Amino acid sequence: MAPGVARGPTPYWRLRLGGAALLLLLIPVAAAQEPPGAACSQNTNKTCEECLKNVSCLWCNTNKACLDYPVTSVLPPASLCKLSSARWGVCWVNFEALIITMSVVGGTLLLGIAICCCCCCRRKRSRKPDRSEEKAMREREERRIRQEERRAEMKTRHDEIRKKYVYFVSGLFKEENPYARFENN
């Protein structure tokens, strides 16, 4: 079967990824086990725990066989033992469940890291304004200054109109008569 093509319910690349993750997780377990000098076939028809004391052994639950782990491939082939019944390192986890779990956990971690990176980059970009934002800020400031100047102009015009209105209507505003200059000459 070609690499990258889905085979059954689990894609092929997941099996390799899960197998590599399994090997990395079980290195501490393997370090505490007995040396690989004893043959695995001696533990056939015994218990899973006795078989897995030797790190180079693989336990197959379907036929209660203790087999040598196929070191040429990451995962044991289906002809040797199905993934759902194969055990290595610990007896309570089968390869299939471990591969699926490790894929989900790894995918979640990668997704979380990608989201954190995107959020950090977005935050970093938003801290310093770019040229368009600086230009927009300058334009806003210029508009605000022009608006204040217009307001001041309008206020002086309105004040002049009020002065004239008060002077002509009520006579309360006492301003020197503008025609008085001409009478003195």
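First, the ground rules. The model is predicted, so local features need pLDDT of at least 70, side-chain atom pairs count only at pLDDT 80 or more, and totals for chains, interfaces and linings use all residues. Residues are numbered from 1 along each chain as its sequence is written, and side-chain values use heavy atoms, with hydrogens and water left out.

Now the layout. The protein has 6 helices and 5 strands. Those are DSSP runs, numbered from the N terminus: helices are H or I with at least four residues, strands are E with at least two. The order from the N terminus is β-β-α-α-α-β-β-β-α-α-α. Of the 185 residues, 21% are buried. Buried is under 20% relative accessible area, exposed is over 50%, and partly exposed is in between, with a 1.4 Å probe and protein chains only.

Look at strand 3, residues 57-60. Cys57 and Trp59 point one way, Leu58 and Cys60 the other. All four residues named there are buried. Strand 3 pairs with strand 4, residues 65-68, antiparallel, over 4 bridges. Pairing takes at least two DSSP bridges between the strands. Cys60 has Ala65 as its bridge partner. The two strands form a hairpin with 4 residues between them, and Lys64 in the turn has a positive phi of about 55°. Strand 3 also runs antiparallel to strand 5, residues 86-87, joined by 2 bridges. There, Trp59 stands opposite Arg87.

Next, the core. The largest nonpolar core holds 10 residues, including Leu58, Cys60, Ala86, Trp88 and Phe95. Such a core is a set of buried Ala, Val, Leu, Ile, Met, Phe, Trp, Tyr and Cys residues joined through side-chain atoms within 4.5 Å. Strand 3 and helix 4 (95-127) each give it two or more residues. A second, separate core has 8 residues, Cys48, Leu52, Cys57 and Cys91 among them.

Last, charges. The whole structure has 5 salt bridges. The criterion is a side-chain nitrogen of Lys or Arg within 4 Å of a carboxyl oxygen of Asp or Glu. Which residues does Arg144 bridge to? One is Glu141, with the closest N and O atoms 2.3 Å apart. Another is Glu148, at 2.5 Å. Arg144 and Glu141 are 3 residues apart in helix 5 (residues 131-170), so about one helical turn separates them. Arg144 is partly exposed, at 37% relative accessible area. Further along, Asp159 and Arg162 meet at 2.9 Å, N to O. Shared partners join Glu141, Arg144 and Glu148 into one network.
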